[in-house]
Every structure is written in structure tokens, then in C-alpha cells.
Amino acid sequence: MDYETAVASLFQPEGRLDPYPAYDVIRAHAPVFPAFENQWFITTHALVSRLLRDPGLRVADARDYDRSWPGWRENRGVASVVLSMLQTNPPDHSRVRRAAAATFTPRRVAAMRDVITAQATELIDEMPAEADFMSAFAYPLPIAVICALLGIPESERRWFRQRAADLTVVLEPISSEEEMRRADKAGRELEAYFTGLIADRRHTPREDLTSALVAAQETVLTGEELLANLVLLLVAGFETTTNLLGSGLKILMDHPGQADRLRSDAELAPAFVEEILRYDSPVQLTSRFTVGPLDLDGGVSLPAGAMLTMLLGSANRDPARYPDPHRFDPDRPNVQPVSFGGGAHYCLGAPLARLEAQVAFPLLLRRLPGLAPASAPVRRDRLVLRGFASLPITSGA
């Protein structure tokens with residue numbers, strides 16, 4: 001196919017099922033090129049990695065939405081994302097990010113290993129001989145972990161699954177009116193829940209992430225920022241890790257020899273997880289905007305206000321960075337996937353997602369030695385957030 005057909009295929013359900021052939025065509029065409037009006041695709045690992053870290057680029061923030069969509073605040077799913085640090089630029093982003101990072105510390109994440117192991121073990125023990133892995137494990141584990149961090153009672157955790165899934169459609173470039181209506185409803189319900197949780201923690205602080213952020217709100221965050229970022233932490237902490245777990249298990253089942261290695265040696269887990277992230281990224285693209293004119297290698301000049309769509313999935317399979325990129329190889333040296341972004345907007349929850357996967361995969365393989373596909377999986381029809389709607393498995397018991 002030519003590159004124009006390849007670009008168009010990413011916006012069709014069939015092309016989204018497996019975007020990697022299209023990425024190959026697009027990347028071979030050029031490292032950067034105009035795809036639509038004032039929108040440029042960035043395709044290579046070197047350029048995506050560089051531009052993600054470029055402090056001269058910005059994300060679309062509330063002021064941009066005010067100009068392009070004056071009524072965006074009426075959709076509370078959209079508002080939850082736009083008002084969070086995900087869609088905020090300096091100096092506000094720096095202030096909010098510092099407050100969140102001061103509470104979401106490496107020490108707090110590392111302390112979650114025992115919680116993750118206990119939750120994963122319980123889910124495996126309760127898993128029937130034939131199950132949908134997404135419903136039985138990939139969804140409930142991240143929900144349980146992020147809710148434990150936030151201090152949300154176990155009895156209320158199931159309530160969040162559908163609402164979080166409904167809200168994430170606002171991250172997609174294509175959505176229906178019905179999907180946006182559900183996103184609005186989910187945003188309103190999540191905001192109402194966290195408003196109550198904030199009030200409770202303000203009155204009775206606990207040793208959880210919500211209490212720490214409420215304390216920061218007294219001096220650093222506005223009430224609107226606190227609410228939006230609590231919703232973001234829940235939704236982002238759940239959605240991308242769910243996709244990582246589902247895609248990772250499918251890759252391991254497709255490569256039984258590699259699965260056997262990880263089953264017998266859990267110390268290999270960090271390398272396996274990095275290669276899984278590279279091989280099939282849970283997040284396929286992200287966007288930045290130029291503030292002023294930007295000159296790139298090869299004589300490419302971008303105007304001010306240009307939208308740069310970073311094709312993370314393409315960058316992760318760039319043969320110039322990773323020889324034989326379509327081969328799953330956990331022994332591949334110096335794997336540095338761009339799956340969690342980079343620079344100021346590098347995913348705050350990346351260490352937690354990695355830890356969950358590093359704990360979960362060896363545990364699943366060891367406790368379920370007969371683990372195998374039961375029937376054909378079903379992918380979600382998403383361009384940005386890549387994952388499975390269902391992944392039927394059998395434990396062989």
C-alpha cells in the first residue's frame with residue numbers, strides 16, 4: 001500500500017486491528033510529513049524520542065479548547081482530562097506535577113509489591129479453568145492496586161471499571177455521540193465520588209495517596225486541579241496497565257518458549273516487560289504542538305501551531321533503532337520504548353504499571369502452567385489505547 005492508504009487505514013476498524021504494517025509504510029515514506037491540514041506525523045524512534053523531550057513543544061490545554069470547542073466543560077469526561085496535568089502546560093503543569101510526584105513517590109510504589117502479589121494471587125486462585133483474562137485478571141488487578149493507593153474501599157472498586165472505560169474515549173480522535181455521552185456521565189459520577197472522598201479525607205486524613213494530595217491542595221493545588229487529577233490517576237492507572245497485561249499475556253502465549261523461560265526465572269521479568277512495551281505499546285500515539293517555527297533534520301520546517309502526532313507504536317518498531325523489530329525478543333539489548341511518553345509529560349504511573357506487570361506475568365505462568373488460548377481474542381476498536389476487549393484463556397486444569 002502507498003503511504004496515503006496506510007494513513008487512512010489507521011482511521012478504519014480493519015487497520016486498527018493491526019496497525020504495524022501501516023506504520024512500516026508510513027515510516028518508510030518519511031520520518032516526518034504532513035498527514036492532514038496543519039497536522040504532521042512523526043514516525044521514527046529517534047525523532048519521537050527527541051520531540052517528546054523538547055521543552056519548546058506544548059500540549060493542547062484549556063485555552064486551546066476554549067478556542068476550538070467553547071462548550072467543552074459541559075462534558076465532564078472531557079473536563080476531567082483537560083483540567084488534569086495530562087493537558088496542562090508550564091508553569092501550571094510543573095506546579096501540579098511536583099505536587100503529584102511528591103505523593104506518588106518511588107518508595108510508595110515499591111511498597112505496593114506485596115499488595116500486588118497478594119491481589120494477583122487471589123485473582124489467580126479464583127480464576128475458573130476457562131475464563132476471559134481481561135475480566136478475570138487484567139481489569140481487576142490494576143483497579144485493585146490503584147484503589148488501594150488512593151484509599152478506596154474494596155467493596156467500591158468494581159463500580160469504577162465501566163466508568164473508567166467510558167471516560168477514556170475522550171482520548172481518542174474518533175468517537176460517536178453516544179460514546180461522548182457516556183464519557184460525560186462517567187465524568188460526572190467520578191467527580192461526585194471523589195468530591196465525597198476529598199471531603200472525607202480532609203476531615204479524617206489517612207495513609208493514602210488521596211490524603212496526601214488533599215494536604216497538597218491546601219497550599220499547591222486548586223480544588224478543580226485536585227479533583228481532575230484524582231480522576232486522572234484512577235483512570236490512567238487502570239486503563240494502560242490493563243492493556244499492558246492483556247497484550248503481554250497474548251504475546252507470551254504466542255511465544256511459549258519465551259514463556260517457559262520467564263516461568264522458570266522471574267528475574268527475567270523486567271526485560272520481558274520492556275520488550276512487551278516495545279512490541280505492542282498500550283498507548284499508540286500522543287500529540288504535541290509547536291509554539292514557534294521548528295526546523296528539523298532534512299530541511300523540514302514546521303510552522304507555529306502545528307500539531308505533531310507522535311506514532312509511538314511506529315517508533316517502537318523502527319528498524320533503525322531495533323533490528324528485526326517485528327520479532328519478540330526479551331534478550332534485545334538497550335530496549336527503551338517510548339510507550340510512556342517522555343520529557344515533562346512522562347507518565348507518572350509508569351513505575352507502578354511496570355511493577356504490576358513484572359509481578360503478574362511470572363506469577364501467572366508459574367501458578368497456571370497449562371495456560372493457553374481458549375478461543376480467538378477480541379480487540380477493542382481504539383486508535384490511541386490499544387488492548388483487548390476479551391482474551392479467552394484456559395488454565396489447562
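This is a predicted model: local features need pLDDT of at least 70, side-chain atom pairs count only at pLDDT 80 or more; totals for chains, interfaces and linings use all residues.
**Reading strands, rings and burial**

Guide: Let's start with a strand pair: five bridges join β5 to strand β8 (residues 307-311), and the two run antiparallel.

Visitor: Which strand pairs with β5 over two bridges?

Guide: Strands here are DSSP runs of E, at least two residues long, and helices are runs of H or I, at least four, numbered from the N terminus. Two strands pair if DSSP finds at least two bridges between them. In this model, strand β3 (residues 57-58) pairs with strand β5 (residues 285-290) over two bridges, in the antiparallel sense. To pick out one of the contacts, go to R58, whose bridge partner in β5 is F289.

Visitor: What is the order of the strands in the open sheet of three?

Guide: Reading across, the order is β4-β12-β9, with antiparallel pairing. Then check the edges: β4 (130-132) and β9 (372-373) are the edge strands, since each pairs on one side only. Strand β12 (residues 392-394) is joined to β9 by two bridges, and these strands run antiparallel.

Visitor: On to the rings. How many aromatic pairs does the structure hold?

Guide: A ring pair is described by how far apart the centres are and by the angle of the planes. The structure holds 16 aromatic pairs. Take F11 and F36: their ring centres are 5.5 Å apart and the planes sit at 85°, so this pair is edge-to-face (Phe, Tyr and six-membered Trp rings pair with centres within 6.5 Å; planes under 30 degrees apart are stacked, over 60 edge-to-face, the rest tilted).

Visitor: Where in the chain are F11 and F36?

Guide: The pair links distant parts of the chain: F11 is in the loop between α1 (3-9) and α2 (13-17), while F36 is in strand β1 (residues 32-36), 25 residues apart. Ring pairs also link F11 and F36 into a cluster with Y3, F33 and F41.

Visitor: What is the relative accessible area of F11?

Guide: F11 has 25%, which makes it partly exposed, and F36 is partly exposed as well, at 38% (buried is under 20%, exposed over 50%, partly exposed in between; 1.4 Å probe, protein chains only). Another edge-to-face pair is F340 with Y346, at 6.5 Å centre to centre and 70° between the planes. There, F340 is buried at 9%, whereas Y346 is partly exposed at 28%.

Visitor: Which residue's charged end sits over the ring of Y139?

Guide: R161, with its charged end 3.9 Å from the centre of the Y139 ring (the rule: NZ of Lys or CZ of Arg within 6 Å of the ring centre and within 35 degrees of the ring normal). R317 lies over the face of Y20, 3.7 Å from the ring centre.

Visitor: One last stop: is L123 buried or exposed?

Guide: L123 is buried, with a relative accessible area of 14%, and belongs to helix α9. From L123 to W69 is 54 residues in sequence and 43 Å in space, C-alpha to C-alpha.

Methods
Residues are numbered from 1 along each chain as its sequence is written. Side-chain values use heavy atoms; hydrogens and water are left out.
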